[in-house]
Amino acid sequence: MDPAAASEFIATTMESPIVKLQDFDRLVQIYWPRVFRFVLASVRDTDAAQTLTQDCFWRAYRARNRFRGDSSVNTWLIQIAVNLVRDYGRNRRLRFWKRTVSSSVDTRSISDWLPDRDMSPEAKTFVREQVEAIWAATVTLSKRQRTVFFLRFVEDMELLEIAAATGLTEGAVKVHLFRAVQSVRKRMRSLK
Amino acid sequence: MTNHLSSEQISRLLAGDGTSAEEQHAGSCAECERELSRLQEILLAFSHSVQHWAEALGSTCVPDTEFLRDRSSARRLGPLRWALVAAAVIILIVVPLYKNAGHRYREADSSEDAVLLEQVNAHLSRTVASPIEPFMQLLSDTSADKVGDR
């Protein structure tokens, strides 16, 4: 299915976006955490994530009158965020000196945020290691694979929504996701 | 399908790209189902970890939407600001050029004046009218010859 057809599918299955756009303040309140989370996971820099999320809502605010509701508001915002993250990746090489002052996140601490669940200490340790392995594996993925992986397994988006947000076909999303899962599982297996 | 799902098939199922036969097998084979569930649980734990981590780093601290209004007004002022900068640059370039041109014009004027004054002086210092000057020259030459003969 091509992206246009994907957008059409989403438009028929999601809430009416026009209504939400009328109150932009409310829209920011609802979608900020989600956009910020995706951007933060992608760039792994708190300052950059704040700036890019602001840019995302600023762009959406400017283009709000042109938004025709072909996709859900969430997909539309994630689409803008995906583009911003891609551009950030391109420009970062030119701004290497900024890295020395940026508040880069310690990526090794991701498993510290595992929710407390009824698990034996051994099981907890195992899950912790696996989560660390997934987090480390996402660094080695290609940009597209990483984006698709985060949208599917962190943002819990459907394949057609991912296709609409990334501008890829549904088939291409499946291919990128399959490769990403293979790489992540390879990393997970290396721990055993 | 008699064998268990291969690693690739399980990855394909996780990616949402499994065939109906693979899905059917995963639903009926306890071992493959267990492997799939295990991976899905770890991926879910990963998702929760990222969500909690992002919350801790401020995903829930939604900023005041004033930034949108501020940027809008800055954007409205943007073209005006650029117009002022352009005007300042033009003034900085044009004023010295204008000054320079005036100076050169005055210099040219004064040299023209000097030439004119020289011409007037020459005219006033003449003893006879300019058409008669060649005759006067001839006369002075003739008288000088006569003095020489004597």
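This is a predicted model: local features need pLDDT of at least 70, side-chain atom pairs count only at pLDDT 80 or more; totals for chains, interfaces and linings use all residues.
## The nonpolar core

The largest nonpolar core has 79 residues. Six residues have the most contacts inside this core: Phe38(A), Val39(A), Phe57(A), Leu77(A), Phe149(A) and Phe46(B). Helix H3 of chain A, residues 24–43, gives the most to the core, with 12 residues. In soluble globular proteins, nonpolar side chains tend to be buried together.

Take Leu77(A) as an example. Leaving aside residues up to four places away in sequence, Leu77(A) touches Leu27(A), Tyr31(A), Val35(A), Cys56(A), Phe57(A) and Ala60(A).

## Where the chains meet

The size of an interface is often given as the accessible area lost when the parts come together. Here, chain B and chain A bury about 4,100 Å² between them. Carbon and sulfur atoms account for 68% of that area. The contact takes 45 residues from chain A and 38 residues from chain B.

Six residue pairs are in polar contact between chain B and chain A, counting pairs with both residues at pLDDT 80 or more. On chain B, the elements that give two or more residues to the side touching chain A are helix H1 (7–14), helix H3 (30–56) and helix H4 (66–124). H3(B) supplies the largest share, 16 residues. By class, this side of chain B has 18 nonpolar, 12 polar and eight charged residues.

## Salt bridges between the chains

Two salt bridges cross the interface of chain B and chain A. In one, Asp17(B) pairs with Lys174(A), and their closest N and O atoms are 3.7 Å apart. Asp17(B) sits in the loop between H1 and helix H2 (20–28) of chain B, while Lys174(A) lies in helix H9 (residues 170–189) of chain A. Asp17(B) is partly exposed, because its relative accessible area is 27%.

Glu35(B) forms a salt bridge with Arg185(A), at 3.8 Å between the closest N and O atoms. Glu35(B) also forms a salt bridge with Arg38(B), at 3.2 Å. Arg38(B) and Glu35(B) both lie in helix H3 of chain B, three residues apart, about one turn of the helix. Both are partly exposed: Arg38(B) has a relative accessible area of 24%, and Glu35(B) has 22%.

## A salt bridge within chain A

Over all chains, the structure holds eight salt bridges. One of them joins Glu155(A) and Arg34(A), at 3.2 Å from N to O. This pair links distant parts of the chain, 121 residues apart. Glu155(A) is in the loop between helix H7 (143–153) and helix H8 (159–166) of chain A, and Arg34(A) is in helix H3 of chain A.

Is Glu155(A) buried or exposed? Glu155(A) counts as buried, because its relative accessibility is 3%. Arg34(A) is partly exposed, at 24%. Arg34(A), Arg37(A) and Glu155(A) are linked in a network of salt bridges.

Methods. Residues are numbered from 1 along each chain as its sequence is written. Chains are lettered from A and ligands numbered from 1 in the order in which they are written. Side-chain values use heavy atoms; hydrogens and water are left out. A nonpolar core is a set of buried Ala, Val, Leu, Ile, Met, Phe, Trp, Tyr and Cys residues joined through side-chain atoms within 4.5 Å. Buried means under 20% relative accessible area, exposed over 50%, partly exposed in between (1.4 Å probe, protein chains only). Helices (H or I, at least four residues) and strands (E, at least two) are DSSP runs, numbered from the N terminus. Contact means heavy atoms within 4.5 Å. Buried area is the accessible area (1.4 Å probe) that two parts lose on being put together, summed over both. A salt bridge is a side-chain nitrogen of Lys or Arg within 4 Å of a carboxyl oxygen of Asp or Glu. A polar contact is a pair of N or O atoms within 3.5 Å; within protein, one must be able to donate a hydrogen and the other to accept it, and residues adjacent in sequence count only if both atoms are side-chain atoms. Ala, Val, Leu, Ile, Met, Phe, Trp, Tyr, Cys and Pro count as nonpolar, Asp, Glu, Lys and Arg as charged, and the others, Gly among them, as polar.
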